[in-house]
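Work through the exercises below with the model open. Try each task before you read its solution.

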Amino acid sequence: DEKERLIAEVKAKYEFLLANKGFSGEILVAKNGEIIFEDYKGYANFSDKTAMLPETPIHLASISKTFTAVAVLHLIEIGKLSLNDSIQSFYPDFPIHNITLKLLLSHRSGLPDYRFAYEDSASLGFGKIDNQMLIQWMTKNPPPLQFQPDRKFTYCNTNYAVLAAIVEHVTGMKFDVYMQQYILRPIGLNHTYIITADTAEGVGGD
């Protein structure tokens with residue numbers, strides 16, 4: 001039938017492109033909310049040959065921005081936030097104006113990447129830093145904008161770090177706790193968790 005044909009096609013494409021070429025990772029293909037193919041191959045840890053399993057956590061990197069956006073849009077939906085809220089709505093002393101949640105969500109704020117905005121970010125305090133520390137740092141040390149807000153699109157991690165800080169400010173909860181309670185667990189992501197400043201040892205970021 002149609003489902004079996006689709007499964008066979010996906011499996012054949014997967015084996016041709018990935019599975020038989022040293023792929024190590026997880027793959028899941030769904031259609032209309034139904035899983036039609038999944039596989040777990042290779043190693044979670046090459047040094048000790050730990051096998052990749054369905055429960056193995058994988059660093060999502062910038063895909064996690066989608067989850068942050070969902071949290072913000074949910075808070076908008078229930079009336080806690082508005083797309084037109086400025087950063088000053090939550091942090092009155094924030095020195096850069098005319099940046100709204102809409103601009104942060106769409107990477108049109110003009111904010112620079114906080115990791116590279118200063119001459120030596122590591123020595124200036126960007127070791128292990130949480131969302132509120134970032135807001136405090138940028139308030140005391142305003143970085144130069146890449147461009148004036150809403151002039152163009154430039155992908156930038158800072159936008160979503162600021163959004164995560166705003167989620168914390170509005171909910172009174174740490175971002176990882178809020179996400180677990182209101183986003184991840186309700187949709188059944190029981191093995192998904194947020195990397196924090198305390199648990200980020202050895203983990204890269206995008």
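**Exercise 1. Determine the handedness and angle of the crossing of H4 and H5, then list the contact residues.**

Step 1. H4 passes H5 in a left-handed crossing. A crossing is left-handed if the near helix is turned anticlockwise from the far one by less than a right angle, and right-handed if clockwise. Helices (H or I, at least four residues) and strands (E, at least two) are DSSP runs, numbered from the N terminus.

Step 2. This is a predicted model: local features need pLDDT of at least 70, side-chain atom pairs count only at pLDDT 80 or more, and totals for chains, interfaces and linings use all residues. Residues are numbered from 1 along each chain as its sequence is written, and side-chain values use heavy atoms, with hydrogens and water left out.

Step 3. The axes of H4 (residues 131-140) and H5 come within 8 Å and cross at roughly 110°. Axes are lines fitted to C-alpha atoms, for helices over the stretch in contact, and angles run from 0 to 180 degrees between N-to-C directions. H4 and H5 are therefore roughly perpendicular to each other. The cut-offs are: under 35 degrees roughly parallel, over 145 roughly antiparallel, 65 to 115 roughly perpendicular, the rest oblique.

Step 4. H4 contributes Asn131, Gln132, Leu134, Ile135 and Met138, and H5 contributes Thr158, Ala161, Val162, Ala164, Ala165, Glu168 and His169. Contact means heavy atoms within 4.5 Å.

Step 5. Sort the H4–H5 contact residues by class: seven are nonpolar, four polar and one charged. Ala, Val, Leu, Ile, Met, Phe, Trp, Tyr, Cys and Pro count as nonpolar, Asp, Glu, Lys and Arg as charged, and the others, Gly among them, as polar.

**Exercise 2. Describe how H2 meets H5.**

Step 1. H2 (residues 64-77) and H5 (residues 157-171) have axes that come within 10 Å and cross at roughly 40°. That angle makes H2 oblique to H5.

Step 2. The H2–H5 crossing is left-handed. On the H2 side the contact uses Lys65, Thr68, Ala69, Val72 and Leu75; on the H5 side it uses Asn157, Tyr160, Leu163, Ala164, Val167 and Thr171.

Step 3. By class, this contact of H2 with H5 has seven nonpolar, three polar and one charged.

**Exercise 3. Find the angle between H2 and H6, and the residues that meet.**

Step 1. The axes of H2 and H6 lie 11 Å apart, at an angle of about 75°. H2 is therefore roughly perpendicular to H6.

Step 2. From H2 come Phe67, Thr68, Val70, Ala71, His74 and Leu75; they meet Phe175, Tyr178, Met179, Ile183 and Leu184 in H6.

Step 3. The classes in the H2–H6 contact are nine nonpolar, two polar and no charged residues.

**Exercise 4. How many aromatic pairs are there, and what are the geometries of the pairs Tyr43–Phe46 and Tyr178–Tyr182?**

Step 1. Apply the rule: rings of Phe, Tyr and Trp (its six-membered ring) pair if their centres lie within 6.5 Å; planes under 30 degrees apart count as stacked, over 60 as edge-to-face and the rest as tilted. The count comes to four aromatic pairs.

Step 2. Tyr43 and Phe46 are edge-to-face, at 5.6 Å centre to centre with 70° between the planes. Tyr43 is partly exposed at 33% relative accessibility; Phe46 is exposed at 53%. Buried means under 20% relative accessible area, exposed over 50%, partly exposed in between (1.4 Å probe, protein chains only).

Step 3. Tyr178 and Tyr182 are stacked, at 4.9 Å centre to centre with 25° between the planes. They sit four residues apart in H6 (residues 175-184), so about one helical turn separates them. Tyr178 is buried at 3% relative accessibility, while Tyr182 is partly exposed at 40%.

Step 4. Ring pairs also link Tyr14, Phe23 and Phe37 into a cluster.

**Exercise 5. Where do Lys49 and Asn98 lie, and what is phi at each?**

Step 1. Most residues other than glycine have a negative phi.

Step 2. Lys49 has a positive phi, near 60°. Lys49 lies in the loop between S3 (43-45) and S4 (50-51).

Step 3. Asn98 has a positive phi, near 70°. Asn98 lies in the loop between H2 and H3 (101-105), and is exposed at 65% relative accessible area.
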